[in-house]
Amino acid sequence: MKTIFVVLPIMTVLAGVDQLKEPSLKDRTESIFIHTSGDSPTLSMLELVGAMTATGIQYEIVDISPQVVRIRSSATEDLWKMIARRTGHVIGIYRELFPSKLLTGGIERTIVANGEVHFEDIMKIISTCSGYFCEWLASRKKIGLESIRIQGSFREVSGTIIKKAIGKLITANGGNLHLDVPKNLVAVIISRNIYIGEQLALADREGMRKRRNQFRPFSLPITLSPNLSRVLLNMARVEKQHNILDPFCGTGGILLEAAMMGVGVYGSDLDPKMINGTKENFSFFKLDYRNIEVCDVEDAYNLFPKMDAVITDPPYGRSTSTGGEKMEELYRRMFVSIVKILKNGGRCAMILPSMAHLSDLPDELILESAVSHRVHRSLVRHFVSLIKEG
Ligand SMILES: C[S@@+](CC[C@H](N)C(=O)[O-])C[C@H]1O[C@@H](n2cnc3c(N)ncnc32)[C@H](O)[C@@H]1O
C-alpha cells in the first residue's frame with residue numbers, strides 16, 4: 001500500500017510536466033514513425049530491427065502501437081528510403097511534425113471530458129504544439145494530406161476533422177493544399193496513439209505485387225511470397241556485399257528477392273525441375289542465375305564458397321517432397337550442412353513447420369530470434385534466425 005502512495009503522485013507529476021512541455025526542435029526532427037503491415041506485428045518488428053541494423057541505422061524505440069513503431073534516430077532520409085525499399089512489411093516512414101504524446105494526450109482528455117472530439121477541439125490541441133510544423137511549412141508551399149486509421153482506434157475522432165484542422169493551419173501559414181501532390185505529403189495515422197508526420201519514404205508495394213507467384217512463368221503452391229522472402233532476408237541482416245545461399249530454393253522465391261536487393265545469390269535444390277523453373281524465373285526478371293545448381297542439401301558446401309547467410313524455406317512435410325526421407329533426418333542433415341556452409345558469425349533465417357526441430361541444433365548454431373506466424377487455421381509457420389558462433 002505504502003509503495004502505491006509514494007509512486008502514484010510522482011507519476012502524476014511527471015505526466016503533467018510532459019504534457020506541458022513541447023520537445024525541442026532538435027529532439028523532434030529525430031522522431032520517426034514507421035507504418036508496418038498488420039499481418040504479424042512481431043514479425044514486422046523483427047524485420048525492421050534486422051533491416052535497420054544491416055543498414056547501420058542507430059535507433060531507440062520510443063513507443064509501439066498497432067502497425068506503428070515510433071523511434072528516435074538521426075538517420076538520413078536516404079537511409080529511410082533504403083529501409084522502405086528493402087523490407088517486406090514496411091508501408092511508409094514519416095518524420096513526426098507534431099509530438100504524438102501531446103496530441104494523443106490532448107485528444108484523450110477531450111474524449112474523457114466531452115465523449116467526442118470536434119473540429120474546434122482539434123484546432124485547440126494542434127495549435128498548442130504546432131511550432132515545429134509551422135517552421136517546416138515555411139519552406140514547403142504545396143502540401144498533400146492523407147489519413148489512415150488502424151484497427152478502429154479512436155472512433156470518437158474522425159481523420160477528416162484532423163486533416164481539416166491541419167489544412168486550416170497550412171493555409172493560415174501561407175501554404176497550399178494540393179490533394180494529389182505526392183511530394184510533401186503529411187500523413188495522419190490513427191493507431192493507439194495519433195501520429196502526424198511528413199512522408200520520408202514509401203515501400204514499392206506495386207513492384208512487389210508484380211512479382212507475386214501468379215505473375216511468374218514458373219510457380220507452385222510452395223512458392224514463398226516476395227514479402228515473406230524479404231522478412232527472412234532482413235531477419236538475417238543481409239547486406240549488399242553479402243553472398244547468400246538457399247539450399248532448398250524450389251521455384252526461387254527467396255533468391256529472386258535477394259537478387260533484387262543486389263545481394264550475391266546462390267541456390268540449390270534436389271529437384272532438377274525446380275532448378276530449371278528458378279532459372280526461367282530469373283530470366284523473366286532479367287537477373288543473373290550463374291550459381292544455381294541441382295544438389296542435395298548435404299552437398300551444397302562442396303559446390304559453393306562460404307556464405308554470409310543461409311536463407312531458406314525447407315520442406316514442411318506437407319505438399320513438398322522430401323524424397324521419402326523422414327523430416328527429422330532431413331532437418332538434422334540440414335543443420336549440419338548449414339554449419340559447414342556458413343562463415344563464422346554468419347546467419348541463417350528459415351521457416352520451420354515446428355519449433356521441435358530446433359532440439360537437434362548443432363552447438364555451433366545459436367538461436368537468435370523466433371516468431372510463430374499463423375498462416376491459416378491449421379498452418380503455423382515459425383520464423384527463426386540463427387547465428388553461427390565463431
Ligand atoms: C518448401 S519448398 C521451397 C519453396 C521455395 N521457398 C519457393 O519459393 O519456391 C522445399 C524445397 O526443398 C526441396 N528439397 C527436398 N528435399 C531436399 C534435399 N534433400 N536437398 C535439397 N532440396 C530438397 C524440394 O524439392 C522443394 O523444392
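Which residues does Ile91 touch, not counting residues up to four places away in sequence? They are His35, Thr36, Ser37, Leu202, Ala203 and Arg205. Contact here means heavy atoms within 4.5 Å. Ile91 sits in strand S4 (residues 90-98). Helices (H or I, at least four residues) and strands (E, at least two) are DSSP runs, numbered from the N terminus.

**Model and confidence**

This is a predicted model, in which local features need pLDDT of at least 70 and side-chain atom pairs count only at pLDDT 80 or more, while totals for chains, interfaces and linings use all residues. Residues are numbered from 1 along each chain as its sequence is written, and side-chain values use heavy atoms, with hydrogens and water left out.

pLDDT is the predictor's confidence in each residue, from 0 to 100. Its mean over the protein chain is 89, and 91% of the residues reach 70 or more. Residues 1-25 stay under 50. For that stretch the model has 17 contacts beyond four places in sequence. Where pLDDT is low, the predicted coordinates should not be read in detail.

**Two domains**

The chain divides into domain 1 (2-202) and domain 2 (212-388). These bounds come from an automatic or database domain assignment. The C-alpha centres of the two domains lie 37 Å apart. Domain 1 brings 16 residues to the contact, and domain 2 brings 15 residues.

Together the domains bury about 1300 Å², with 64% of it on carbon and sulfur atoms. Buried area is the accessible area (1.4 Å probe) that two parts lose on being put together, summed over both. Leu43, Leu46 and Arg86 supply 44% of the area that domain 1 buries against domain 2, more than any other three residues.

The interface has zero salt bridges by the rule. A salt bridge is a side-chain nitrogen of Lys or Arg within 4 Å of a carboxyl oxygen of Asp or Glu. On the domain 1 side, helix H3 (41-55) and helix H4 (77-86) each supply at least two residues that touch domain 2. H3 gives the most to that side, with nine residues.

**Salt bridges**

The structure holds 15 salt bridges. Three of them are listed here.

| Pair | N to O distance |
|---|---|
| Glu198 and Arg140 | 3.7 Å |
| Arg333 and Glu298 | 2.5 Å |
| Arg332 and Glu329 | 2.9 Å |

Glu198 lies in strand S8 (residues 194-202) and Arg140 in the loop between helix H7 (131-138) and strand S5 (142-149), so this pair ties together parts 58 residues apart in sequence. Glu198 is buried at 6% relative accessibility, whereas Arg140 is partly exposed at 22%. Buried means under 20% relative accessible area, exposed over 50%, partly exposed in between (1.4 Å probe, protein chains only).

Arg333 is in helix H14 (residues 327-341) and Glu298 in the loop between strand S11 (292-294) and helix H13 (300-303), so their pair ties together parts 35 residues apart. Arg333 is buried at 12%, and Glu298 is partly exposed at 37%.

Arg332 and Glu329 are three residues apart in helix H14, so about one helical turn separates them. Arg332 is partly exposed at 37%. Glu329 is partly exposed at 32%. Salt bridges that share partners also join Asp296, Glu298, Glu325 and Arg333 into one network.

**A buried serine**

Ser385 is in strand S15 (residues 379-388). Its relative accessibility is 0%, so Ser385 counts as buried. Beyond four places in sequence, Ser385 touches Met235, Cys348, Ala349, Ile366, Leu367, Glu368 and Ser369.
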